[in-house]
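The tour goes stop by stop.

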Amino acid sequence: PFSSRRRHTRSRLLSRGLGDVYKRQLEVLGSVPVMLILFAVSYCFFYHLCNGLRHLAWDAGWGFELPQVYASGWAVVIASLVLTLVFWVALLAGGSS
């Protein structure tokens, strides 16, 4: 249902003479610099999310030993990267329909 609604909206925009504007917006949003910025913003989102979980663990009194601090820091970086990649793979795979 969602994809058919999206197609219907797209066809309505094109039929109203907004096709050139809509096509230009798609070109700009799909350009490499914009995609890189969106990738960086999504990484920042997932980093903030993972680091928030790390801080919740600290609030509970876990992970204060120095090796644990370094390990959890690297875990946050790696988890953020993995979540960002999974998000973008799902986003790009879902956009092909």
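Select W74 to begin; W74 sits in helix 3. Helices here are DSSP runs of H or I with at least four residues, strands are E runs with at least two, and both are numbered from the N terminus. W74 is exposed, with a relative accessible area of 58%. The classes are buried under 20%, exposed over 50% and partly exposed in between, with a 1.4 Å probe and protein chains only.

Before moving on, note that this is a predicted model: local features need pLDDT of at least 70, side-chain atom pairs count only at pLDDT 80 or more, and totals for chains, interfaces and linings use all residues. Residues are numbered from 1 along each chain as its sequence is written, and side-chain values use heavy atoms, leaving out hydrogens and water.

Next, select helix 2, residues 32-59. What is buried there? S42, F46, C50, N51 and R54 are. These buried residues pack against helix 3 (66-94), where contact means heavy atoms within 4.5 Å.

Check the length of helix 2 too. Its 28 residues should span 40 Å at 1.5 Å a residue, and the end C-alpha atoms are 40 Å apart, which agrees. The expected span is 1.5 Å times one less than the number of residues. Step just past helix 2 to G61, which has a positive phi of about 90°.

Now go to E27 and R24. Their side chains form a salt bridge, 3.3 Å from N to O. The rule asks for a Lys or Arg side-chain nitrogen within 4 Å of an Asp or Glu carboxyl oxygen. The count by this rule is 1. E27 and R24 are 3 residues apart in helix 1, so about one helical turn separates them.

Finally, color by pLDDT, the predictor's confidence in each residue from 0 to 100. The protein's mean is 87, and 77% of residues reach 70 or more. Helix 1 (residues 2-29) is lowest, at a mean of 71, and helix 2 highest, at 97.

Zoom out. The protein has 3 helices and 0 strands. Of its 97 residues, 12% count as buried.
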